[in-house]
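Have a look at the sequence and the model below, and keep both open while you read. We'll go through some side chains and who they sit next to.

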Amino acid sequence: MSALISDRICDRARQYWLLARFDRPIGTLILLWPTLWALWIAGNGKPDALVCAVFVLGVVLMRAAGCVINDYADRNFDPHVERTRQRPIAAGRVRPKEALILFAVLCLISFGLVLLMNRFTIGLSFIGAFLAASYPFMKRFTHLPQAYLGAAFGWAVPMAFAAQLNAIPLTGWLLYLAVLLWALVYDTMYAMVDKDDDLKIGVKSTAILFGAYDRHIMGALQIVILALLIAVGRMQELGIFYYAGLLVATGLAVYQQKLIFRRERALCFKAFLNNNWFGLAVFIGLVLDYRFV
């Protein structure tokens, strides 16, 4: 009997682990890089250790919570999409009620971490929680859920400035806009993978909205993103290492355009994954600049 109970507990833990996408850290990394950009800039290269720890853990937990509520919201869609039909809820291995409980637990732990910050940051966290919880339902009402995702994913940026400075300067809002647009771009690449399935089941996305101009619009947005990051660098008087990081990021953006050129599913997904290196390049540039310039 004890062995059966132990196996049951291990199975539930594994299913919850998969539901929260802890087995796929790419989403956490893409969310983490702009958070670290903001922390380094707000902290002038020396962010507070406690603030860093809270935000890194918060990113991990809130990304997991976002995945859980996303699968709950899409529980009737996922079984009809090739890429998602084996997700725990879609495959019947986790009940929707269990998912809601897990989502609530992850959010409560995250909120407990935020309570270690100042009042301004705590207040901003309620907006972030609302954005994260409501995003998965946007694809039913608008063709711009990727933009809404950007607003949700990027909210850690103004929160990081608030935690470090107890204020959000213009630099913080420009960085937030860059991150919002970046998320719109890479999530559109992700949506291109599911475009055919989404058309069949009636799910909306920017990949559908942009149509034949998807590559062109994303290319224009990538230029705007890089321009915003240059503006941030000028406002913060950053130096050669930062701009070297942006140069590498520019090369990666060009490579992503090459990958999505023929709109092949596997290559579009590869382009999405490549954004991890884009975020890392900018972060390394920031770290080196604050360290040596």
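First, some ground rules. This is a predicted model, in which local features need pLDDT of at least 70 and side-chain atom pairs count only at pLDDT 80 or more, while totals for chains, interfaces and linings use all residues. Residues are numbered from 1 along each chain as its sequence is written, and side-chain values use heavy atoms, with hydrogens and water left out.

**Charged pairs**

Side chains of opposite charge can pair when their charged atoms come close. For us, a salt bridge is a side-chain nitrogen of Lys or Arg within 4 Å of a carboxyl oxygen of Asp or Glu. Searching the whole structure turns up nine salt bridges. The table shows some of them.

| Salt bridge | N to O distance |
|---|---|
| Asp-11 and Arg-12 | 3.2 Å |
| Glu-98 and Arg-12 | 3.1 Å |
| Arg-24 and Asp-23 | 4.0 Å |

Which parts of the chain does the pair of Glu-98 and Arg-12 link? Glu-98 is in helix α4 (residues 96–114) and Arg-12 is in helix α1 (residues 2–19), so to speak distant parts of the chain, 86 residues apart. Helices here are DSSP runs (H or I, at least four residues), numbered from the N terminus.

Are these side chains buried or exposed? Buried means under 20% relative accessible area, exposed means over 50%, and partly exposed is in between (1.4 Å probe, protein chains only). Arg-12 is buried, with a relative accessible area of 12%, and Glu-98 is buried too, at 12%. Asp-11 is partly exposed at 32%, and Asp-23 is partly exposed at 38%.

Salt bridges also join up: Asp-11, Arg-12, Arg-95 and Glu-98 are linked in a network of them.

**Aromatic pairs**

A pair of aromatic rings is described by the distance of the centres and the angle of the planes. Rings of Phe, Tyr and Trp (its six-membered ring) pair if their centres lie within 6.5 Å; planes under 30 degrees apart count as stacked, over 60 as edge-to-face and the rest as tilted. The structure holds 16 such pairs.

One of them is Trp-40 with Phe-283, an edge-to-face pair at 5.1 Å centre to centre, with 85 degrees between the planes. Trp-40 lies in helix α2 (residues 26–42) and Phe-283 in helix α13 (residues 265–292), so this pair ties together parts that are 243 residues apart in sequence. Trp-40 is buried at 17% relative accessibility, and Phe-283 is buried at 12%.

Trp-173 and Tyr-176 also make an edge-to-face pair, with 6.0 Å between centres and 80 degrees between planes. These two are three residues apart in helix α8, which means about one helical turn separates them. Trp-173 is partly exposed at 37%, whereas Tyr-176 is buried at 11%.

Ring pairs can build up as well: they link Trp-37, Trp-182, Tyr-186, Tyr-190, Phe-269, Phe-272 and Phe-278 into a cluster.

Where does Asp-194 lie? Look in the loop between α8 (170–193) and α9 (195–201). Asp-194 is buried, with a relative accessible area of 6%. Leaving aside residues up to four places away in sequence, Asp-194 touches Val-81 and Arg-83, where a contact means heavy atoms within 4.5 Å.
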